[in-house]
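Welcome, and thanks for opening the viewer.

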Amino acid sequence: MTQTQVTWIEGSVVEEEVHMSIVEISQATRAPEDLIMAWVSEGVLSPAGSSPEDWRFSGDSLKRAKTAAHLTHDLELNTPGVALALDLLEEITRLRSQLLRANLG
C-alpha cells in the first residue's frame with residue numbers, strides 16, 4: 001500500500017493599494033481595536049490619517065498586524081515586545097536578501 005502525504009498551505013494575497021479602517025483591520029486580525037491603537041502608538045503600525053476614525057491601513061499593514069496578532073497570542077508578547085520582534089524579523093529578512101544577492105553576484 002502506498003502512503004500519500006498531504007501538505008496544506010494557507011495564504012492570502014493582499015494588494016498594497018487596499019486601505020482598511022481600524023474596524024476592518026481589527027476584524028481581519030481578530031485583534032481588538034484598543035490593541036490596534038496600542039500598536040499604532042508603539043510604532044508597530046503606521047496608518048494614514050490623523051485619528052483612529054480617519055486611519056487607513058495598507059495591505060502591508062495588514063500583513064504586519066497579522067504577524068503582531070500571532071506574536072501577541074502565541075508568544076504572549078506585550079506591545080513593546082511585538083514591536084521589537086517585528087523589527088528583528090524585518091532585519092533578518094533584509095539580511096537574508098542581502099546574502100542571497102551577494103551569493104548570486
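To see it, select Asp 60, Lys 63, Arg 64, Thr 67, Leu 86, Leu 89, Glu 90 and Thr 93, which line the second largest pocket. Helix H3 (59-74) and helix H4 (79-104) are the elements that give two or more residues to this lining. Colour the lining by class and you will find two nonpolar, two polar and four charged residues.

Some terms for this stop: on a 1 Å grid over the protein atoms alone, a pocket is an open set of points where a 1.4 Å probe fits, with protein on both sides within 12 Å along at least five of seven lines, and lining residues have an atom within 4 Å of a point. Ala, Val, Leu, Ile, Met, Phe, Trp, Tyr, Cys and Pro count as nonpolar, Asp, Glu, Lys and Arg as charged, and the others, Gly among them, as polar.

This is a predicted model, where local features need pLDDT of at least 70 and side-chain atom pairs count only at pLDDT 80 or more, while totals for chains, interfaces and linings use all residues. Residues are numbered from 1 along each chain as its sequence is written, and side-chain values use heavy atoms, with hydrogens and water left out.

**Stop two: the whole chain**

Zoom out now. The protein chain has four helices and zero strands, in the order α-α-α-α from the N terminus. Helices (H or I, at least four residues) and strands (E, at least two) are DSSP runs, numbered from the N terminus. Of the 105 residues, 29% count as buried (under 20% relative accessible area, with exposed over 50% and partly exposed in between, for a 1.4 Å probe and protein chains only).

**Stop three: H1 against H2**

Select residues 22-29 and 33-42. The axes of helix H1 and helix H2 come within 9 Å and cross at roughly 105°, which makes H1 roughly perpendicular to H2 (65 to 115 degrees). The axes are lines fitted to C-alpha atoms over the stretch in contact, with angles running from 0 to 180 degrees between N-to-C directions. Show side chains for Ile 22, Val 23, Ile 25, Ser 26 and Thr 29 of H1, and for Glu 33, Ile 36 and Met 37 of H2, which make the contact (heavy atoms within 4.5 Å). By class, the contact has five nonpolar, two polar and one charged residues.

Step back to Ser 21, in the segment before H1. Is Ser 21 buried or exposed? Ser 21 is buried, with a relative accessible area of 16%. Leaving out residues up to four places away in sequence, Ser 21 touches Trp 55, Arg 56 and Phe 57.

Next, pick Ala 48 in the loop between H2 and H3. Ala 48 counts as partly exposed, at 49% relative accessibility. Beyond its neighbours within four places in sequence, Ala 48 is in contact with Asp 54, Trp 55 and Arg 56.

**Stop five: positive phi**

Most residues other than glycine have a negative phi. Select Arg 30, in the loop between H1 and H2, where phi is positive and near 60°. Arg 30 counts as exposed, at 80% relative accessibility.

Finish at Glu 76, in the loop between H3 and H4. Glu 76 has a positive phi of about 55° and is exposed, with a relative accessible area of 69%.

How values were computed:
Parallel < 35°, antiparallel > 145°, perpendicular 65-115°, else oblique.
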